[in-house]
Amino acid sequence: MSVLFINYPKCSTCINARKWLEENNIEFTSRHIVEDNPKEDELKKYIKLSGLPVKKFFNTSGMLYREMNLKEKTASATDDEMIKILATNGMLVKRPLVVTEDGVLIGFKADKWKEFFNK
């Protein structure tokens with residue numbers, strides 16, 4: 001299984017997630033979310049694969065999210081509009097993201113990751 005780990009290296013949650021992947025001997029390709037932000041077409045694919053609403057992909061605790069007043073903007077935005085916003089800056093995207101052909105994980109919860117990888 002091909003595993004893409006989209007992360008921000010200075011993020012403590014991402015550091016813990018990377019450590020978990022390594023401890024569980026899961027090979028992955030790492031991608032810096034700011035240097036190589038997911039594009040619109042990738043986000044559409046990830047969202048569909050995750051089965052989650054677009055809003056779940058926003059880093060709602062990030063400073064940029066608050067500065068841009070996205071809570072209010074996303075309340076009435078279409079999915080396509082939200083995807084366009086997400087594609088503008090990696091710091092808007094909740095992280096880490098794990099992408100495989102079987103699904104997408106957003107954020108890090110060890111129990112959910114264990115369940116996902118032990119299917």
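A salt bridge (a side-chain nitrogen of Lys or Arg within 4 Å of a carboxyl oxygen of Asp or Glu) joins D36 to R31, with the closest N and O atoms 3.2 Å apart. The structure is a predicted model, in which local features need pLDDT of at least 70, side-chain atom pairs count only at pLDDT 80 or more, and totals for chains, interfaces and linings use all residues. Residues are numbered from 1 along each chain as its sequence is written, and side-chain values use heavy atoms, with hydrogens and water left out.

The two partners are described by relative accessible area, where buried means under 20%, exposed over 50% and partly exposed in between (1.4 Å probe, protein chains only). D36 is partly exposed, with a relative accessible area of 33%, whereas R31 is buried at 11%. R31 also forms a salt bridge with E42, at an N to O distance of 2.9 Å. This pair links distant parts of the chain, as R31 belongs to strand β2 (residues 29–32) and E42 to helix α2 (residues 40–50), 11 residues apart. Helices (H or I, at least four residues) and strands (E, at least two) are DSSP runs, numbered from the N terminus.

Another salt bridge connects the side chains of K84 and E40, with N and O 3.4 Å apart. K84 lies in helix α5 (residues 79–86) and E40 in helix α2, so the pair ties together parts of the chain that are 44 residues apart in sequence. K84 is partly exposed, with a relative accessible area of 47%, and E40 likewise counts as partly exposed, at 30%. Salt bridges that share partners join R31, D36, K39 and E42 into one network. A search of the whole structure finds five salt bridges.

Helix packing was examined for α1 (residues 12–23) and α6 (residues 110–117), whose axes come within 11 Å and cross at roughly 35°. Axes are lines fitted to C-alpha atoms, for helices over the stretch in contact, and angles run from 0 to 180 degrees between N-to-C directions. Contact (heavy atoms within 4.5 Å) is made by A17, W20 and L21 of α1 with A110, W113, K114 and F117 of α6. By class, this contact comprises six nonpolar, no polar and one charged residues, where Ala, Val, Leu, Ile, Met, Phe, Trp, Tyr, Cys and Pro count as nonpolar, Asp, Glu, Lys and Arg as charged, and the others, Gly among them, as polar.
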